[in-house]
Amino acid sequence: MHFHVMFALASTALLAISAAAAAASPAYQQDVVKGLQEQAIAALREKATTEKGSSSCNLFNAHIRKDWAVMTAMERKAYTKAVNCLLNKPSKYDPNVVPGAKSRYDDFVAQHINQTMSIHGTGNFLSWHRYFVWSYETALKEECHYEGYQPYWNWLSYQDNPSESPVFDGSDTSMSGDGAFVAHNGSVSGAGNIFLPSGKGGGCITSGPFKNMTVNLGPVSPAMDGETKVPSTFAWNPRCLKRDLSAYTAGKWLTLTNLLNITTGPAASTIETFQDELQGRFTDKFLGMHAAGHFVLGGDAGDLYASPVDIAFWLHHAMLDRIWWIWQALHLPQAFTVAGTITILNRPPSRNTTLEDPIYMGQSNAPERPISQLLNTLGGEPLCYIYL
Ligand SMILES: [Cu+2]
């Protein structure tokens with residue numbers, strides 16, 4: 001009861017701010033998100049003091065996932081070095097089963113391709129992707145000696161020009177920049193319902209730590225004009241990484257209004273409304289922040305199946321996980337609930353997702369676990385992290 005009262009008050013205050021923030025500057029928008037995050041931490045702290053938990057993981061010893069923009073040059077380089085390490089290690093898959101998986105990095109891409117139809121628009125969407133990011137972070141640490149944690153791309157910054165963001169500015173402390181300019185007729189998103197105009201890229205990335213990387217898998221379901229899909233799902237198709245950074249998509253959907261709606265506004269009321277709004281209402285031509293992030297990257301990242309070929313996928317999905325984490329902290333009585341079914345947008349109609357449903361990661365360092373073990377980032381086994 002106590003929590004309900006506390007958050008009701010907090011939410012009202014934030015909604016008042018959001019009304020005034022319609023024309024706010026990006027810096028101010030970030031302050032509002034920071035405010036939400038501080039509330040999340042306060043709620044978790046309050047919970048910790050009342051619960052006298054038995055977990056070995058708590059707010060004070062949890063790993064901290066940071067905003068790329070606040071990481072030092074050394075921290076960012078340690079991360080990109082570890083990613084390049086995974087890109088250069090051999091795959092653990094049998095080449096007869098997954099011929100296109102050449103690197104250890106590709107093993108993660110293959111796993112996403114393999115399960116695409118049962119992890120999007122489903123009740124396990126959030127928990128599956130949380131475990132996916134965690135298993136990747138674990139591989140960076142265990143197989144590539146990375147000592148930091150998974151960074152995130154803060155959506156609410158540089159919406160008017162993503163190519164100037166520290167994540168995408170193309171410098172040696174970025175996740176590489178835009179693709180080279182290639183004239184094309186834009187991308188189709190939102191399950192065929194939403195057209196997005198082309199940006200200033202469309203071709204291969206040309207700068208930053210990943211300019212020489214090779215993409216091996218996909219496209220399976222290409223979204224950008226001019227792309228052709230591979231003849232078979234796991235075929236080997238070596239090529240460059242393509243991007244088409246989209247200020248249009250960022251400005252239209254990665255907005256403070258949309259974020260407040262899902263964290264403290266009407267769409268925040270249940271896990272069902274939260275996850276549905278986050279994933280979009282495509283027939284209403286509303287992309288949602290999850291798909292929007294993919295299409296701000298554009299190019300290969302718009303492929304529903306093979307999107308993890310873009311190394312920024314993990315920073316995008318860490319931000320998505322952070323927003324879920326904030327929502328959970330602000331809605332503690334509902335934090336560990338699930339909604340939805342086991343088929344994409346319930347097509348074909350299927351049973352409801354349950355807390356006991358297993359999440360598996362194939363050739364990663366992550367054993368199969370029930371959803372119930374993946375809902376609490378402070379659960380300790382296996383998760384023990386927060387966002388700052
Ligand atoms: Cu996905």
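**Close-up A. Asp357 and its partner Arg351.** Asp357 has a relative accessible area of 11% and is therefore buried, in this predicted model. Its partner is Arg351, and the two side chains meet in a salt bridge with an N to O distance of 3.2 Å. Arg351 has a relative accessible area of 45%, so this residue counts as partly exposed.

**Close-up B. Arg65 and Glu137, a salt bridge between a strand and a helix.** The closest N and O atoms of Arg65 and Glu137 are 3.0 Å apart, and the two residues form a salt bridge. Arg65 belongs to strand S1 (residues 63–65) and Glu137 to helix H5 (residues 125–144), so the pair ties together parts that lie 72 residues apart in sequence. Both Arg65 and Glu137 are buried.

**Close-up C. The network around Arg65 and Glu137.** Arg65 and Glu137 also belong to a network of salt bridges, in which they are linked with Arg130 and Asp321.

**Close-up D. Lys34 and Glu38 within helix H2.** A salt bridge joins Glu38 to Lys34, with 3.6 Å between the closest N and O atoms. The two residues are four apart in helix H2 (residues 26–51), which means that about one helical turn separates them. Glu38 has 48% relative accessibility and so counts as partly exposed.

**All views.** The count for the model comes to 15 salt bridges. Among them are the pairs Arg351 and Asp357, Arg65 and Glu137, and Glu38 and Lys34.

How values were computed. Residues are numbered from 1 along each chain as its sequence is written. This is a predicted model: local features need pLDDT of at least 70, side-chain atom pairs count only at pLDDT 80 or more; totals for chains, interfaces and linings use all residues. Side-chain values use heavy atoms; hydrogens and water are left out. A salt bridge is a side-chain nitrogen of Lys or Arg within 4 Å of a carboxyl oxygen of Asp or Glu. Buried means under 20% relative accessible area, exposed over 50%, partly exposed in between (1.4 Å probe, protein chains only).
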